[in-house]
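Please look through the model below with its sheets, its backbone geometry and its surface in mind.

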Amino acid sequence: MECVIIGGGAAGLQAALHCRRCWPEKSVLLIEAEGDVGYCNPLLPQFMAGQVEEEKLFFWQPAEDPLLQIRKGIKIRSLDRPTQSLNLDNQEKIRYERLILAPGGQPILPLLRREDLPEGIFPVRTLATARKIRDWLLKHKEIVVLGGGLVGVKTAAYLQLAGFAVSLVEKEDHLLPQALTKPSARLVERHLQRLGIRLFLGCLLEDIQEEKGILKSAKVSGQWIPGETLLIAVGSTPNIDFLENSGLLQDKELLVSPALQTADANIFAAGDAVTISTSGGEKHKPWTWPQAVTQGKLAAENLFRSVPLPLNVLTRPNSMNLQGLSIVILGAPTPDAAIISHDRTAEGIYRELFLRGRKIVGGALVGDISGAGLLHFLMINGSEVDGDVARFLKPQSRVFYQLLPSSKRQRRRARILFPKEMLS
Amino acid sequence: MKVIGVHLDRCTGCKTCELYCAVERGSNGKTLLKAAQETPLPQPRLRVEGNNEFTFPLQCRHCLQAPCLNACLNAALVRDPETNLVLVREERCIACWTCTLFCPFGVIFPWPERKFALKCDRCAFMENPVCLEVCPCQALELVELEDFEKIPGQRRAEVGKTLAGKKEKGLLLLDLGE
Ligand SMILES: Cc1cc2nc3c(=O)[nH]c(=O)nc-3n(C[C@H](O)[C@H](O)[C@H](O)COP(=O)(O)OP(=O)(O)OC[C@H]3O[C@@H](n4cnc5c(N)ncnc54)[C@H](O)[C@@H]3O)c2cc1C
Ligand code: SF4
Ligand code: SF4
């Protein structure tokens, strides 16, 4: 087989489809451990809550293409680089000419490495488990969500809105600690509390209690919270155990260049499984959906290029719409960055930017996300913002003109505003 | 592909284009009077930007390398194979607003009341875009993008002027990178 792709998530599927577009002569095989390819993970909270039907999750259906083969329900056990082959769990061996690794992440399961776990404990990550959760929730209405990051917050909000009684547990003292500062997180907390969610901030899961093989309650910083369901959303680690003896891992990380090439020139990797290491020695883990899609496509383009091209943007901004509260995360707060903020907490709006010198290095917009695209553009371009940076913080959607150099602002000329390939 | 060009010298910032975009493309009633009574209030797909010195209507550029396309979480944003335009399939949109964060021009707008992202589709199925038809100053014009694409970057501005025939009023390409 000419191109083999491991993993049919956001990165792997895009890699496969793009491979067919870029290299129409080459045959492509995609191997996915689970039974589903082409669904939208970010919609899983709504799906579990019963608000979105399963067929709505799928954004792609296979079309007739003799050179694209998709094999589901088969797991790769190991990679043998000297023979350029993969060992599958059904004992089959597959040879590849070029390989893209897109195995994504697996949920971290804290404290629960026990064998005899009661029923009712599920990680939030894949459609297969989401189906089980949805079935389970038909009979069980009290839920504890562990993890106040993006996935935990979304899961808690949608389930509460669907009529469940949700408690949300986060070990830091505020929600979305990797993305928001305390004051901006305060608005999110208020919103969730208004929906009726019980928040347990600065709390750790210590123990669980069961009754007849079913979860009964969870002990959180000394306090027992009743609930037959524990949903775990404390993040993920790369799904790279099968690469253990491949020689591609360094300190348990799958390192790739900005061109997404691994230590083996024939093997590329993309998505939530990779750590991108720049020539300056910086490491990036931009694990988000847009990045997975962009990386999957780039890996496919680079497969047969003599000089693979690098990824341009390494940021991991994110956006969330929690029914009534919009949140945009541009980048995480860092200790050395200055913070400027536009605080209208009383109206449910808090906008902040993190600056190093005159450059935007991160920020968050809560309650009013206008101007998000421009701020993100300024950030990824590393533009020095001249004049009063705070003007971008005021909620307003019409700010594009502020980015135009003054020479372009003369009225006398007719112009087409045209982006060229500025972000290519 | 045809895109909407703007004659900066003609735009007076009257926002007629915005108004009629909302009425024609966002309302059920299709008349100003009926549209104004609808809830949610119809929204335009373009916005007039600017300040006291200069104004111009800004709408989706249908970028050749459109960052919004890769960002969409649910494949709601697509490039139409026939027209090459970037479109939102509104029925697929999950209102996550991720695309609004990736469009550097800020021309995808959340429409929370209707639960989808709103952007200009250049009225592709109509003979002319509404904004262009209604502009009292004829500040908008449909231009063939390929004509510009064939010209190497540096010379684009010059040739653009010649194309339009009038030195100071020629069509010029503008991007943020310069
Ligand atoms: C509930 C939820 C909500 C989210 N919301 C957002 C959001 O709003 N915005 C956002 O940007 N991101 C969001 N994310 C994150 C986003 O889904 C991921 O960043 C993205 O899916 C990563 O894509 P990927 O292809 O790298 O990995 P995955 O989507 O995890 O896909 C990897 C695939 O590889 C398969 N695989 C792994 N190992 C093997 C093997 N050995 N053999 C064969 N197959 C294998 C797995 O079964 C899996 O299907 C969310 C995630 C979740 C779970
Ligand atoms: S929405 Fe923005 S990024 Fe997308 S094509 Fe239009 S101008 Fe480009
Ligand atoms: S708001 Fe709609 S169009 Fe925009 S990224 Fe989300 S699903 Fe896609």
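Predicted model: local features only at pLDDT ≥ 70, side-chain atom pairs only at ≥ 80, totals over all residues.

Residues are numbered from 1 along each chain as its sequence is written, chains are lettered from A and ligands numbered from 1 in the order in which they are written, and side-chain values use heavy atoms, with hydrogens and water left out.

## Sheets of chain A

Helices (H or I, at least four residues) and strands (E, at least two) are DSSP runs, numbered from the N terminus, and two strands pair if DSSP finds at least two bridges between them. In chain A, 3 strands form an open sheet in the order S13-S14-S15, with antiparallel pairing. Strand S13 (205-211) and strand S15 (223-226) of chain A are its edge strands, each pairing on one side only. Neighbouring strands of this sheet are turned by 30° against each other on average, direction ignored; for such angles, axes are lines fitted to C-alpha atoms, for helices over the stretch in contact, and angles run from 0 to 180 degrees between N-to-C directions. Strand S14 (residues 214-220) of chain A is joined to S15(A) by 4 bridges, and A:Lys219 stands opposite A:Trp224 in S15(A).

Another open sheet of chain A has 4 strands in the order S18-S19-S21-S22, and its pairing is mixed. Because strand S18 (249-250) and strand S22 (283-284) of chain A each have a single partner strand, one side of each is left without a neighbour in the sheet. The pairings within this sheet are listed here.

| Strand pair | Bridges | Direction |
|---|---|---|
| S18(A) and S19(A) (residues 253-256) | 2 bridges | antiparallel |
| S19(A) and S21(A) (residues 274-277) | 3 bridges | parallel |
| S21(A) and S22(A) | 2 bridges | antiparallel |

Residue by residue, A:Leu249 stands opposite A:Leu254 in S19(A), A:Leu255 has A:Thr275 in S21(A) as its bridge partner, and A:Ile276 stands opposite A:His284 in S22(A). S21(A) and S22(A) form a hairpin with 5 residues between them, and A:Gly281 in the turn has a positive phi of about 90°.

## Chain B

The secondary structure of chain B comes to 7 helices and 9 strands. Of its 178 residues, 54% are buried, where buried means under 20% relative accessible area, exposed over 50%, and partly exposed in between (1.4 Å probe, protein chains only).

For B:Ala95 the positive phi is about 55°; B:Ala95 is found in the loop between strand S5 (86-88) and helix H4 (98-102) of chain B, and with a relative accessible area of 6% B:Ala95 is buried.

The peptide bond from B:Thr39 to B:Pro40 is cis, with omega near -10°, and B:Pro40 lies in the loop between helix H2 (32-36) and strand S2 (47-50) of chain B.
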